[in-house]
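Good morning, colleagues. I would like to take a few minutes to discuss surface features and charged pairs in the structure shown here.

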Amino acid sequence: MKYFKFELKKFILNKRNRYLLALISSLIIVYSVYNTISFTNIFKNNITTLAQEVQTTEKTVQDNIETTEESLKTTKVKAESDDLNNTLSDLNQEDNIYQKQIAAIGANDINEYYHLQKEIDQLYFKQNGNKSSSGQDKFLKAEIKYIKTVQERKLDFEAMPTMQSHAFGNFHQQFIPILTSSLFIVLFASMVSILVATSYESKENRFYRFAGIDLQKNLIIKVLSGTLATFAWIIISSIIYFLVIGVVNGFGAWNYPAYLGDSDLKTGFTLTNLTIPNGILDLGSILYLFFVIFFLASLGALISVFVKRSMVVVGVIALFVMGYSMIGDVPWIISIRRFVPFSYLEPLKLFGNPSALFGKYSILIGAGYLLSLSVLFLLISVFIIKRKLQVQVSQPSSSHMNSYS
């Protein structure tokens, strides 16, 4: 335990790590301030967008009503006249609902707006049937499900599901994507993946052996201490961000639906997990980052025992992360995506039940996969060090010291 505390303290006090954490913290603070200040305008824009969409649709319905009325005046066939009367009745019903929606938006009554939107969607299926598989039908079914979920949970609606203002929604829509972006993943890797390599560069392994410290055990301690320290910083930063957004925009509800989907080159964006509570998504995403950091640290340890140069380790991992983000949508990569560990670094995408991976089991399989690889990397690293030590024992002491330093 004392060796763990020693490595943990050394990691925290390391100047390079402090500079990197200061850089990451500064980027997050700037983004948080900008996001908080600008959200008022974003919210107003969302309301304006809703109003414009409803007004445009309502005008289209009125035009259809006029066209139908003109057709009704000229028709002589009773069957056609009956069809036109039915159509006119439906259009008048739609127009009435849209006018109520415009009034609801004007009164800033978002709950009433969505209640009326459910009536419009249900009216569409009443008119067109419920057996179509078109993209519009799928969206409307998902929208109805979303509206019913919010109503069943007795919650107040956000102006737009994809732009939630309160802390629980804002956290995963704005903050989590930053932490899991390629830039931040590389910054995290720059701290935790080079711990073993720096011990070679600083020649500290030589002194550890003189002190009787097990180098195999010390490698595991370095990885765990760096992982836990970085994860603790992520938790603290998350709490601060959450509190800032909550104080400014309200905390919202833990069980408000998160409205998640899956992006696919063929089908585009599809809503796939829209009822998952925001709180579960927020907490799950943060906890999942532990497996990401642990994976990066273990991968760095494995590379370090071969190259023993910290800059090379950072470069290799950066190449993996950034390179995969650039070619991840190439068709032949998509066919093997589920076997590539770098497909599992973004928890939000996994919670979206991606069809290219393992659907609703993606988040669990991702955590298990990264953890298994992390353990495997550590075991291989320990094995390599053990083999080196066995070889060095059979050599003269002078060559032994030189070869391991």
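Let me begin with a definition: a helix here is a DSSP run of H or I with at least four residues, and helices are numbered from the N terminus. In this predicted model, helix H10 covers residues 215-249, and Val-247 is found in that helix.

Val-247 also belongs to a nonpolar patch on the surface.

I turn now to the charged side chains. Side chains of opposite charge can pair when their charged atoms come close. How many salt bridges does the count come to? The count comes to two.

One of them joins the side chains of Asp-63 and Lys-59, at 3.5 Å from N to O. Both residues lie in helix H2, which spans residues 15-74. They are four residues apart, about one turn of the helix. Asp-63 is partly exposed, with a relative accessible area of 33%.

Another salt bridge links Glu-346 with Lys-349, and the closest N and O atoms there are 3.5 Å apart. Are these two partners buried or exposed? Glu-346 counts as partly exposed, at 29% relative accessibility, whereas Lys-349 is exposed, with a relative accessible area of 53%.

How values were computed: Residues numbered from 1 in each chain as written. Predicted model: local features only at pLDDT ≥ 70, side-chain atom pairs only at ≥ 80, totals over all residues. Heavy atoms only, no water. Patch = residues over 30% accessible without salt bridge, like charges linked within 9 Å, V, L, I, M, F, W, Y side chains within 5 Å. Areas by Shrake-Rupley, 256 points an atom, 1.4 Å probe, with all protein chains shown as cover. Salt bridge = Lys/Arg side-chain N within 4 Å of Asp/Glu carboxyl O. Helix = DSSP H or I, 4+ residues; strand = E, 2+ residues; numbered from the N terminus. Buried < 20%, exposed > 50% of the residue type's maximum accessible area, 1.4 Å probe, protein only.
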